[in-house]
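User: Before we turn to individual contacts, could you take me through the salt bridges and one of the sheets, with the reasoning behind each answer?

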Amino acid sequence: MDPISERLRARHPQRIHLSLERMRTLCAALGDPQHRLPPVIHVAGTNGKGSTVAFIRAIAEAAGLRVHAYTSPHLVRFNERIRLAGRLIEDGPLNAILDRVEAAVDAAGSEATVFESTTAAAFLAMSETPADLAVVEVGLGGVLDATNVIDRPLLSVITPVDLDHAEFLGTDLRGIAVEKAGVLKAGARGLIARQTEEAMAAIEAAAAAVRAPLTVMGTDFDAWAERGGLAFQDQSRFLDLPAPTLAGPHQIANAGLAVAVALELDLPEAAIAGGLRAARWPARMQRLTAGPYGEAARAADAELWLDGGHNPHAARALAEALAQRQARAPRPLALVVGMLANKDAGGFFAALAETGATVFTTPFEGASAEPEALAAVARGHGLGATACASATEALDRALQLGAGRVVICGSLYLAGEVLGADRGTWPD
């Protein structure tokens, strides 16, 4: 664990407690930095939030804007969560900001969770660093998420809504969509990804209640893969754009949503094209060729990919990406899977069942599922599965058995361990 994460875990409760009362109190003690941010693009949704933020940031920076970004979780270092005018926050300024946050918590005689404290720290740092735009990702839900003390965003964005965090948000898709739609605010346009009919109905009702105008993918604009690139069309224009750098067909939709945001900001087409080429977002169908894992795969003449998707919706996107790749160049496929114990492993493996992959399950630091229990779930969905003691052992066994394409997947925490094994692959 990196020093900043250790500091936060030692000082603040790690539980998730969805409420805005403590966050409002903390922000007030800090001078309400959330009201002193540059224009904010607030991004909610179940999957694709981080990738969409990465595309928006890359496009805006290609247009010459200075952009703050707040995302979660981090993979290797806590600093990944806070980007100030294009650069990751450094340890010295971050520790100084956390000192001020913790002093405010103590002065109020209250407490703040890890996420509340880090969100307050991000807002304070971003409010004191000049920039043209701030892109803020919701942590969990929307209505009661700590970031939702932002009450005047420039734009609100909702990526695809699906099932995740059932212990907090439940298993009713309409109810989950209502939670996500909590980022919609009066007068701020909402840019909405393609949704199920049930989720879209809930989002439209929430938007009407606060009088937020909507621009909806599939109705007002759309994006699709065409001739090796990305085609985008809205009601007034057609753009022939390069393919996004992030791999997988689901990234076409994420990139298309970011293009719609960019057009709302009146950013030029050249910047949009440049941003799509420049965007980086680690552990989302990321090809690994370096570090101990990448080198082991190369020595075996195998492809190695890393993907942090951890719910059924993400697994469906992964399955689609693999189906495309397997259709172009078939290779024996293996999955190295580690998941948090509270995730829907059954839904995850059900989505991947038709890949016919051989599965090797692994633990990781933290509350990971037991490898044998995870393997049993995979077997229950018709996948051959073997429990292993570590990701290294799992990869070795997959390669020994002749896998030519391996994906390490199931958790961003597992992805962080893999990236952290080699500093050269650390996110920057």
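Analyst: A salt bridge here is a side-chain nitrogen of Lys or Arg within 4 Å of a carboxyl oxygen of Asp or Glu. The model is predicted, and the side chains of Arg194 and Asp222 meet in such a bridge, with an N to O distance of 2.6 Å.

User: Which parts of the chain does the bridge between Arg194 and Asp222 tie together, and how many residues apart are they in sequence?

Analyst: Arg194 lies in the loop between strand E7 (189-192) and helix H8 (197-210), whereas Asp222 belongs to strand E9 (residues 221-226). Arg194 is partly exposed at a relative accessible area of 42%, and Asp222 is also partly exposed, at 21%. Because one partner sits in that loop and the other in E9, the pair ties together parts of the chain whose separation in sequence is 28 residues.

User: Is Lys49, which forms a salt bridge with Glu137, buried or exposed?

Analyst: The closest N and O atoms of Lys49 and Glu137 are 4.0 Å apart, and the pair ties helix H3 (residues 49-62) to strand E5 (residues 133-137), parts that are 88 residues apart in sequence. Glu137 has a relative accessible area of 5% and is buried. Since the cut-off for buried is under 20% relative accessible area, Lys49, at 10% relative accessibility, counts as buried.

User: Which residues are linked in a network of salt bridges with Arg7?

Analyst: Asp99 forms a salt bridge with Arg7, their closest N and O atoms being 2.6 Å apart. This pair links distant parts of the chain, Asp99 in helix H4 (residues 91-107) and Arg7 in helix H1 (residues 3-11), 92 residues apart. Asp99 is partly exposed, with a relative accessible area of 44%. The residues linked with Arg7 in the network are Asp99 and Glu102.

User: Which strands stand at the edges of the open sheet of 3 strands?

Analyst: The order of this sheet is E9-E10-E11, with antiparallel pairing.

User: What is the bridge partner of Leu230 in E11, and at about what angle does helix H9 run to E10?

Analyst: E10 (residues 229-234) pairs with E11 in the antiparallel sense over 5 bridges, and the partner of Leu230 in E11 is Leu241. Helix H9 (residues 250-264) lies across E9, E10 and E11, and its angle to E10 is about 50 degrees.

Technical notes: Residues numbered from 1 in each chain as written. Predicted model: local features only at pLDDT ≥ 70, side-chain atom pairs only at ≥ 80, totals over all residues. Heavy atoms only, no water. Helix = DSSP H or I, 4+ residues; strand = E, 2+ residues; numbered from the N terminus. Buried < 20%, exposed > 50% of the residue type's maximum accessible area, 1.4 Å probe, protein only. Pairing = 2+ DSSP bridges. Contact = heavy atoms within 4.5 Å. Axes fitted to C-alpha atoms, helices over the stretch in contact; angles between N-to-C directions.
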